[in-house]
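Subject: Structure handover and findings

Dear colleague,

Please find the structure below, followed by an account of what was found in it. I would be grateful if you could read the notes alongside the coordinates.

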Amino acid sequence: MTSRGLLLGVVVLICIGPMPGAAAQGVKSEQDILVQLEHDWDEAFHRNDVRFIEPILADEFIVTYGDGSRGDKAKELQLATVVQQIESSTLDDFTVKVYRDTAVVWFTQHLVGQRQGEKRELTFRYVEVFVLRAGRWRLPLVAVGRILGM
């Protein structure tokens, strides 16, 4: 192949851009990573997977629960071991804001399950603050509010 043919081939490749599948395999945004982390954590919580949850929680983790009580990392991990009768858990209405090495995630959780033999549907709103440490998102702060009448 002549240098002119090689040059023409390079120009054609630059003009047509990446192959169609290449964009689909692109890098996830930090927002996408955090939303996926929330879904993975929710699933881990309902299967009592403390080994998955533990490294996400920062050592200084603190949560304010829907009833106003507070908990720390030890309490949250203990709660993750409790078997609950959850039929479904859906997360939606995400808003994610990333500020360099800090992110704030707002979302809604809809739970359906049994309590004392009675079907219950509960809705919670979360505000969570993540910090990026050693290339991984860690969670030092959560605030949860229960939405009444939903």
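**Pocket lining**

The residues that line the largest pocket divide into 17 nonpolar, eight polar and nine charged, where Ala, Val, Leu, Ile, Met, Phe, Trp, Tyr, Cys and Pro count as nonpolar, Asp, Glu, Lys and Arg as charged, and the others, Gly among them, as polar. Please keep in mind that this is a predicted model, in which local features need pLDDT of at least 70 and side-chain atom pairs count only at pLDDT 80 or more, whereas totals for chains, interfaces and linings use all residues. Residues are numbered from 1 along each chain as its sequence is written, and side-chain values use heavy atoms, with hydrogens and water left out.

The space in the largest pocket comes to about 1,100 Å³; a pocket here is an open set of points on a 1 Å grid over the protein atoms alone, where a 1.4 Å probe fits and protein lies on both sides within 12 Å along at least five of seven lines, and lining residues have an atom within 4 Å of a point. The volume is the space filled by probe spheres set on the points, with grid points joined across faces, edges and corners. Of the 34 lining residues, Phe 45, Gln 84, Leu 111, Phe 124 and Tyr 126 are the closest to the centre of the pocket. Two or more residues are given to the lining by each of α3 (30-46), β1 (57-64), α5 (73-79), β3 (86-99), β4 (102-115), β5 (118-133) and β6 (136-147), and the largest share, seven residues, comes from β4.

**Fold and core**

The chain has five helices and six strands, which are DSSP runs (H or I of at least four residues for helices, E of at least two for strands) numbered from the N terminus; along the sequence they follow the pattern α-α-α-α-β-β-α-β-β-β-β. Of its 150 residues, 29% count as buried, that is, under 20% relative accessible area, with exposed meaning over 50% and partly exposed in between (1.4 Å probe, protein chains only).

The largest nonpolar core has 27 residues, and those touching the most other members are Leu 34, Trp 41, Ile 53, Leu 57, Phe 130, Leu 139 and Val 142; such a core is a set of buried Ala, Val, Leu, Ile, Met, Phe, Trp, Tyr and Cys residues joined through side-chain atoms within 4.5 Å. At least two residues of this core come from each of α3, β1, β3, β4, β5 and β6, with the largest share, five residues, supplied by α3. Leaving aside residues up to four places away in sequence, Leu 139 is in contact with residues including Trp 41, Leu 57, Phe 61 and Phe 130 (contact means heavy atoms within 4.5 Å).

**Individual residues**

Arg 138, in strand β6, counts as buried because its relative accessibility is 18%. Its side chain reaches the backbone oxygen of Pro 55 at 3.0 Å, and Arg 138 lies 9.9 Å from Glu 54, C-alpha to C-alpha, although the two are 84 residues apart in sequence.

Asp 93 is placed in strand β3 and is exposed at 52% relative accessibility, while Arg 100 is found in the loop between β3 and β4 and is exposed at 81%.

With best regards

Definitions and conventions:
Polar contact = N/O pair within 3.5 Å; in protein donor to acceptor, adjacent residues only side chain to side chain.
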